[in-house]
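Hi everyone, thanks for making time. Have a look at the structure on the screen, and I'll talk you through a few parts of it.

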Amino acid sequence: MSAAKLASVSPSIQICRIMRPDDANIVGNVHGGTILKMIEEAGCIIGTRHCNSQPGDRCVAALARVERTDFLHPMFIGEVAHVSAEITYTSKHSVEVQVNVLAENILTGAKKVTNKATLWYVPFSLQDVDKIVDVPPMEYSRPEHEDEGKKRYEAQKLERLETKERNGEVMTSVPLPEAYTVGFSQSSLIHLVGPSDCTLLGFVHGGVTMKLMDEVAGIVAARHCKTNIVTASVDAINFHRKIKKGCVITVSGRMTFTSNKSMEIEVFVDSDPLVEAEKGKYRAVTAFFTFISLDKDNRPLAIPPLKLEGEEEQKRFEEGKTRYLQNKAKRLADKERHQ
């Protein structure tokens with residue numbers, strides 16, 4: 001053990017908040033983006049606290065990646081969200097945070113698990129915003145926990161590198177698109193990054209970005225189905241580059257795959273610096289969102305099949321189908337393991 005004292009085993013925090021009307025859609029379902037924002041806030045707090053637990057540069061933990069996130073049950077207006085975050089692994093320059101979300105009915109006291117998420121943070125110095133500081137090591141209750149965490153760290157690092165190779169892809173609009181085609185539901189949102197969107201370092205909070213991404217994905221899903229839609233899951237969200245205060249971001253979404261009861265939407269976030277325009281526009285964040293369609297009784301509805309046009313759309317559809325089948329197999333395996 002080094003001279004520096006190791007951080008305590010599995011430091012954790014919990015935050016709570018009641019869900020208000022502006023947190024939800026017109027039928028009372030809390031927006032997936034609202035929940036994602038709370039998840040990131042909890043992760044940022046615990047990650048920043050841990051990274052400042054030893055002497056040295058003061059820093060802020062910046063979100064680098066969110067692993068697949070499933071929305072297990074809907075949350076409604078009037079329920080209390082209990083968001084608990086726990087640090088489960090540290091590398092030299094990153095922190096893994098596991099977050100669980102419970103929804104509490106304040107009338108009955110009944111609670112249900114709505115979300116489980118894994119987030120990765122990287123600490124940046126308050127003195128030099130381009131400097132990544134070292135993460136204080138944590139003490140593990142069992143040696144295998146550290147080994148398992150290292151495997152997760154290597155896997156996410158490899159996938160982040162792979163997704164960077166796809167960043168040059170450009171989304172193009174389709175004039176007068178036919179219903180149920182990719183172009184028919186494709187949507188974009190433009191947002192000027194203000195001070196309230198940013199961390200102490202002047203970069204956008206990951207939770208703000210994720211909320212905007214969920215809104216765009218929701219618009220795409222609603223345009224395709226013309227029904228009430230809710231977020232079902234979010235695959236890994238990769239934060240490739242930081243977004244500064246004052247940038248204009250364009251959040252774009254397009255349908256990539258539909259099954260009988262779900263639809264996958266790919267979402268991109270492009271940042272355009274206004275002050276440093278010479279640096280040019282760049283791809284900052286990418287992710288896949290999965291939505292389902294619900295009737296008035298919150299029961300799943302069939303999804304209209306996606307009409308494909310061209311080889312590129314066919315290729316993206318097949319890739320989405322592969323992800324769908326892999327995730328379905330994983331859910332079945334997890335269910336069997338917990339029975």
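So, helix α5: the buried residues there are E313, R316, F317, G320, R323 and N327. Buried here means under 20% relative accessible area, exposed means over 50%, and partly exposed is in between, with a 1.4 Å probe and protein chains only. Before I go on, this is a predicted model, so local features need pLDDT of at least 70, side-chain atom pairs count only at pLDDT 80 or more, and totals for chains, interfaces and linings use all residues. Residues are numbered from 1 along each chain as its sequence is written, and side-chain values use heavy atoms, with hydrogens and water left out.

Helices (H or I, at least four residues) and strands (E, at least two) are DSSP runs, numbered from the N terminus. Back to α5, which takes in residues 311–337. Its 27 residues reach 39 Å from first C-alpha to last, close to the 39 Å expected at 1.5 Å a residue; that expected span is 1.5 Å times one less than the number of residues. And what covers its buried residues? The cover includes α3 (182–185), β10 (248–258), β11 and β12 (282–294).

S271 counts as buried, at 0% relative accessibility. Leaving aside neighbours within four places in sequence, S271 is in contact (heavy atoms within 4.5 Å) with I243, C247, V248, I249, G280, K281 and Y282.

Next, helix α2, residues 143–164. Its 22 residues should span 32 Å at 1.5 Å a residue, and the end C-alpha atoms are 33 Å apart, which agrees. Which residues of α2 are buried? They are G149, Y153, Q156 and T163. They cover an arc of only 95° around the axis, which puts them on the same side of α2; the arc is that of the directions from the helix axis to the C-beta atoms. The face turned away from that buried side carries the exposed residues P143, K151 and L158. Covering the buried residues of α2 are, among others, β2 (59–66), β4 (80–90), β6 (111–125) and β9 (237–239).

In β6 you'll find P123. P123 is buried, with a relative accessible area of 0%. Its C-alpha is separated by 8.8 Å from that of L63, 60 residues apart along the chain. Not counting residues up to four places away in sequence, P123 touches C51, C59, V60, A61, H93, K131, I132, V133 and V135.

L63 shows up again in the second largest pocket: along with A64, V122, R160 and F239, L63 lies nearest the centre, out of 34 lining residues. α2 gives the largest share of that lining, 6 residues.

Most residues other than glycine have a negative phi. Y180, though, has a positive phi of about 70° and is not a glycine. Y180 sits in the loop between α2 and α3 and counts as partly exposed, at 32% relative accessibility. K226 is the other: its phi is near 60°, again positive in a residue other than glycine. Where is K226? In the loop between α4 and β8 (228–234). Is K226 buried or exposed? At 59% relative accessibility, K226 counts as exposed.

Note on methods:
1 Å grid on protein atoms, 1.4 Å probe; cavity = no way out; pocket = protein on both sides within 12 Å on 5 of 7 lines; lining within 4 Å.
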